[in-house]
Amino acid sequence: MLAVGDIVPLLFAWRSQSPYGFVGTAKSEYYLRDSNGDFLRSRRTEGWSGSVYLPWERWLMSRSRCQAVFPRDRLTTEILKNWTIPAVDLGNHMKDGFLPALDNHKKSPNQNLSLTPNSPPGAAEPLRILILPGSRSPEAYRNWTQLMDLGTAIVDDQPHRPIQLEGAIAPGVALAQLAETLSAPWQRTTPNTWNHGNGTLTLTVGDFYQRALKTHLSLAMAGTATEQLVGLGQPVIILAGQGPQFTPAFAEAQTRLLGPSVFLADDANDGVKTARFLLQNPEQWGAIAANGRDRLGVPGAANRIAKHLLKLT
């Protein structure tokens with residue numbers, strides 16, 4: 001039996017009396033530790049048991065019937081190995097959705113896809129910015145307004161640089177409702193395209209993976225999608241919202257989980273300063289790319305986990 005998630009499916013797997021494995025998606029040592037594995041000063045009390053996983057969770061993972069544990073990142077794997085837990089670092093399956101897009105890239109090598117951008121684009125090259133307001137309605141519509149304020153401010157702050165903004169909209173979010181919020185200075189040129197100065201905005205539904213591969217920088221108020229972008233090696237600027245999902249507490253926790261790849265801005269003005277800093281300091285992009293690989297590994301984790309399980313049967 002393979003349990004995926006948190007302690008609830010893990011508990012059911014243990015009670016089944018069958019051999020079991022566990023894919024731990026809900027917890028990471030990065031919530032409590034820095035990139036070096038040291039406890040964050042503000043989170044020491046939460047790490048009272050020595051791990052983000054509590055003793056009773058570790059007990060379930062250390063039973064003889066537990067054949068393998070697949071944490072979501074390398075650091076969590078190394079910490080769990082301090083106990084008699086068969087933890088194996090095979091990557092994070094969140095990146096597996098990019099495999100078809102990567103296959104297409106291999107077939108079309110002339111496409112300009114930046115998996116691990118080591119520097120921002122040159123001044124004459126368009127800066128491609130992806131906007132992710134989340135997938136939950138009505139929260140996504142409030143998030144969209146905040147993120148577009150930031151996107152507009154970045155366009156205004158870089159008047160000599162071509163900027164391509166693209167809204168990556170989840171299927172359950174109505175494009176028409178988002179479009180209604182767009183007004184001056186944005187001018188509609190086609191049903192799903194707007195222009196403002198040196199900036200172009202396009203709204204699209206679906207095909208997130210292909211679009212994410214072409215992005216330099218993202219503005220996000222989303223959960224999983226933000227993690228996937230970080231895994232690609234891209235910087236992400238986030239804003240705290242009103243919730244119910246993307247609250248200030250959620251945004252702060254996301255900065256701990258994803259580290260130096262994510263920048264929590266207080267407002268649009270603060271976000272503009274972050275974007276300007278990233279464009280003026282290209283050396284940051286290499287570190288951001290490396291951090292993404294450390295935190296989420298490389299694509300193909302689900303296949304590697306399946307092969308490991310088959311060896312155990």
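This section describes the overall architecture of the protein and then the setting of Glu166.

The structure is a predicted model. The protein contains 12 helices and 11 strands. Its C-alpha trace extends over about 65 × 45 × 40 Å along the principal axes.

Of the 313 residues, 50% count as buried. When contacts between residues at least 6 apart in sequence are considered, 66% of them join residues at least 24 apart. The accessible surface of the protein amounts to about 14,200 Å², and carbon and sulfur atoms contribute 54% of this area. With regard to charge, the protein carries 30 positive and 26 negative charges, whose mean positions lie 7 Å apart.

At the residue level, Glu166 is located in strand 5, which comprises residues 163-169. The relative accessibility of Glu166 is 19%; because the threshold for burial is under 20%, Glu166 is classed as buried. Residues up to four places away in sequence being left aside, Glu166 is in contact with Ile129, Leu130 and Ile131, with Leu201, Thr202 and Thr204, and with Arg211. Glu166 is thus described by a position within strand 5, a relative accessibility of 19% and contacts with residues that include Ile131 and Arg211.

Methods. Residues are numbered from 1 along each chain as its sequence is written. This is a predicted model: local features need pLDDT of at least 70, side-chain atom pairs count only at pLDDT 80 or more; totals for chains, interfaces and linings use all residues. Side-chain values use heavy atoms; hydrogens and water are left out. Helices (H or I, at least four residues) and strands (E, at least two) are DSSP runs, numbered from the N terminus. Buried means under 20% relative accessible area, exposed over 50%, partly exposed in between (1.4 Å probe, protein chains only). Contact means heavy atoms within 4.5 Å. Accessible areas come from the Shrake-Rupley method with a 1.4 Å probe; for residues, only the protein chains shown count as cover. Lys and Arg count as positive and Asp and Glu as negative; His and the chain ends are not counted. The place of a charge is taken as NZ of Lys, CZ of Arg, CG of Asp or CD of Glu.
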